[in-house]
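Q: Please take a close look at the metal site, and then describe the parts around it. Which residues hold the ion, and where do they sit?

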Amino acid sequence: MDRREFLKGTVVGAGVLAASRMAQTACAADAPAAKAVLKLCSQEGKIPGSSLKEKAENILKFGGCGLEFGGMDVKRAEQIRKDLDGTGVGIAAMCCGSFADKQNGARPVSMDPEVRKRGLDEIKRQLEACGVLGSTGVIWVPAFNGQTKLKPEELDKVLADILPELAEFAVKCKGKLMIEPLNKGETFYINRVEQGAFWCNKINSPGLVTMGDFYHMSKEEKDDEAAFVAGGKWVHHVHVATGKSRILPNQEEHNYRPGFKGLKKIGYQDFCSLECGKKKGTEWADEIPKTFALLKQQWEEATI
Ligand code: MG
């Protein structure tokens, strides 16, 4: 992409609000490539088991078919792949956060070139692991509240600078960088699915994708169905929790049908993964099967 043209586009869309409208227009016309599937999984830590093999057996027993992991090195990625080989359990995203630290703030988006380079190198290490693991992508939040003094317009420019390089690197190592929109209580920057999709459209590389999280969406999206449709082909992971207390879906009222309708409309093929807490005094092993059953029921009821 011509760099001047790229930057011009960024200025026109300065501030993610204006930008996001363009994403919606660009994606709405995308027809789904395949019939959507509901693949339920969970972050690894919630699944009981003293080994990955046991966790794999349990997630299948609970009615799921995948596991989501945190950040890791290539060595662990190789080990996980080996451990899960033949279990029938898939590998979802790697949940990695902002790659910030207390001293240096949000490193990949830092204005200090050395600090930024360290941040980018760290993302690249995770992208390498992602490729080896065969994971859907490395989930990244550009900055949580309090991690940077940059304004959204300034962060737009930083993202325009770093994302082409990261996306290209991701493609090279068969990984994906995945922008996660969060609610305003956690970040002032990129709050809605269409804002994540704006950057994917802009960079237009299979190495950069986005996702939705039902908990954050309940605070930021007017319409979950429209949000996923706006995200279109760029949506490659979904986090599942209730909107109010961010707990297991069977433990608090929450309507997933509108979001599921959106996922069906875009022919969603990736995982829906539990990222949530649970009510005090309840056990994951008792509750997750009920949660998966409820989600499967609402998926069936979400007719398009
Ligand atoms: Mg999340």
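A: Some terms come first: a residue is buried at under 20% relative accessible area, exposed at over 50% and partly exposed in between, with a 1.4 Å probe and protein chains only. This is a predicted model in which local features need pLDDT of at least 70 and side-chain atom pairs count only at pLDDT 80 or more, while totals for chains, interfaces and linings use all residues. Residues are numbered from 1 along each chain as its sequence is written, and side-chain values use heavy atoms, with hydrogens and water left out.

The magnesium ion has Glu180 (OE), Asp213 (OD), His239 (ND1) and Glu275 (OE) as its coordinating residues, at 2.1 to 2.2 Å. Donors here are N, O and S atoms within 2.8 Å of the metal (3.2 Å for Na, K and Ca); water is not among the atoms, so sites may look incomplete. Along the chain, the donors of the magnesium ion are spaced as E-x32-D-x25-H-x35-E. Glu180 comes from the loop between strand 5 (177-179) and helix 7 (193-203), whereas His239 is in strand 7 (residues 235-240), so this pair ties together parts that lie 59 residues apart in sequence. Helices (H or I, at least four residues) and strands (E, at least two) are DSSP runs numbered from the N terminus. Both Glu180 and His239 are buried.

Gln43 is placed in strand 1 (residues 39-43) and is buried, since its relative accessible area is 16%. Gln43 and Cys276 are 233 residues apart in sequence, yet their C-alpha atoms are 9.0 Å apart in space.

Gln251 is another buried glutamine, with a relative accessibility of 10%. A polar contact of 3.1 Å joins the side chain of Gln251 to the side chain of Thr282. The residues that Gln251 touches are Lys278, Lys279, Thr282 and Glu287, again without counting residues up to four places away in sequence.

Cysteines remain to be described. The whole structure, when searched, has 0 disulfides, a disulfide being a pair of cysteine sulfur atoms within 2.5 Å. For Cys65, the closest cysteine sulfur is that of Cys41, at 7.2 Å, which is too far for a bond. Cys65 is partly exposed, because its relative accessible area is 24%. Cys200, in contrast, is buried, at 0% relative accessibility.

Note on methods: A polar contact is a pair of N or O atoms within 3.5 Å; within protein, one must be able to donate a hydrogen and the other to accept it, and residues adjacent in sequence count only if both atoms are side-chain atoms. Contact means heavy atoms within 4.5 Å.
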